[in-house]
Amino acid sequence: MNTRYFVVFGRVQGVMFRQTLIRGAQKRSLQAGATNHADRIRVDFTLEGSSDVVDELVEKLQSTKPLNSWGAQVEKLEEAKAGIALEAHQVTTLNVDRFRWSKGVEMYL
């Protein structure tokens with residue numbers, strides 16, 4: 001398993017970005033986690049899985065505008081050498097269904 005860490009900036013809080021990212025990861029059989037920053041313009045996330053599949057999802061995050069029907073959009077994406085452990089994130093592929101997400105959001109990842 002390949003684990004990679006990222007930080008995204010843009011319209012990524014209050015617009016269902018974390019759920020959209022996690023659902024996109026699940027669709028590709030990746031493990032993922034995402035955490036909001038207090039500054040409301042960044043989200044840390046971790047992806048675990050095949051490098052080719054991780055690369056494809058990262059490319060989609062950068063090129064798909066918007067990412068969902070709530071207008072989530074990545075302006076800048078940076079890969080980090082280290083980051084938050086998968087299980088330490090606020091939302092993960094393991095706990096995403098425990099949250100009460102708003103209904104009716106369309107996800108384009």
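The protein chain of this predicted model has two helices and five strands. These are DSSP runs, numbered from the N terminus: helices are H or I of at least four residues, strands E of at least two. Read from the N terminus, the order is β-α-β-β-α-β-β. The radius of gyration, taken over C-alpha atoms, is 12 Å, close to the 13 Å that the globule rule (2.2 Å times the number of residues to the power 0.38) gives for 109 residues, so the chain is as compact as a globular protein of that length. Its C-alpha trace spans about 35 × 30 × 25 Å along the principal axes.

Now the interior. Of the 109 residues, 47% count as buried, meaning under 20% relative accessible area with a 1.4 Å probe, protein chains only. In general, nonpolar side chains in soluble globular proteins tend to be buried together. Here the largest nonpolar core holds 28 residues. Such a core is a set of buried Ala, Val, Leu, Ile, Met, Phe, Trp, Tyr and Cys residues joined through side-chain atoms within 4.5 Å. V8, F17, F45, L47, L61 and L77 touch the most other members. At least two core residues come from each of β1 (2-11), α1 (17-27), β2 (31-36), β3 (42-49), α2 (51-63) and β4 (73-80).

Take V8. Beyond its neighbours within four places in sequence, V8 is in contact (heavy atoms within 4.5 Å) with F17, I41, R42, V43, F45, V74, K76 and L77.

Residues are numbered from 1 along each chain as its sequence is written. Local features need pLDDT of at least 70, side-chain atom pairs count only at pLDDT 80 or more, totals for chains, interfaces and linings use all residues, and side-chain values use heavy atoms, leaving out hydrogens and water.

Note on methods. Buried means under 20% relative accessible area, exposed over 50%, partly exposed in between (1.4 Å probe, protein chains only).
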